[in-house]
Amino acid sequence: MSGKRMLPMGIENFKEIRTGNYYYVDKTGLIKTLLEHFGKVNLFTRPRRFGKTLNMSMQDNGWRDV
């Protein structure tokens, strides 16, 4: 059982998910779409607990590596 990844319940920090042993579905392809179709304001409409904060944390960490 030690090889199984955990679900990141309540974790909204991308770096913590990537460095910990957590299950994660890679959505970085969405960044390319965002950059190709950006506007003055980008609105992320999602239901509560649907990954908005994690998405922003992923982008923050991605830009820090550039």
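These legends go with a set of close-up views of a predicted model.

**View 1. Here's the core: eight nonpolar residues make up the largest one in the model.** Its members are Ile11, Phe14, Ile17, Tyr22, Tyr24, Ile31, Leu54 and Met58. Two elements, H1 and helix H3 (52–64), each give two or more residues to this core. If you're wondering about the general pattern, nonpolar side chains in soluble globular proteins tend to be buried together.

**View 2. Now look at two rings from that core, Phe14 and Tyr24, which form an aromatic pair.** This is the one aromatic pair that the structure holds. To describe a pair of aromatic rings, you give the distance of the centres and the angle of the planes. For Phe14 and Tyr24, that's 5.4 Å centre to centre and 70° between the planes, an edge-to-face arrangement. Phe14 sits in helix H1 and Tyr24 in the loop between H1 and H2, so the pair ties together parts that are 10 residues apart in sequence. Are these two residues buried or exposed? Phe14 has a relative accessible area of 12%, so it counts as buried, and Tyr24 is buried too, at 19%.

View 3. Skip the neighbours within four places in sequence, and Tyr22 is in contact with Arg5, Met6, Leu7, Pro8, Ile11, Glu16 and Ile17.

View 4. Met9 comes from the segment before helix H1 (14–19). With a relative accessible area of 67%, Met9 is exposed.

**View 5. Gly10 and Leu54 are 44 residues apart along the chain.** How far apart are their C-alpha atoms? They're separated by 10.0 Å. Gly10 is found in the segment before H1 and is exposed, with a relative accessible area of 54%.

**View 6. Last one: Lys32 and Glu36 meet in a salt bridge.** It's the one salt bridge the structure holds, and the side chains come to 3.7 Å, N to O. Which element do they lie in? Both belong to helix H2 (residues 29–36), where they're four residues apart, about one turn of the helix. Lys32 counts as exposed because its relative accessibility is 55%, and the cut-off for exposed is over 50%.

Conventions. Residues numbered from 1 in each chain as written. Predicted model: local features only at pLDDT ≥ 70, side-chain atom pairs only at ≥ 80, totals over all residues. Heavy atoms only, no water. Salt bridge = Lys/Arg side-chain N within 4 Å of Asp/Glu carboxyl O. Buried < 20%, exposed > 50% of the residue type's maximum accessible area, 1.4 Å probe, protein only. Core = buried A, V, L, I, M, F, W, Y, C linked by side-chain atoms within 4.5 Å. Contact = heavy atoms within 4.5 Å. Phe/Tyr/Trp six-rings, centres within 6.5 Å; stacked < 30°, edge-to-face > 60°.
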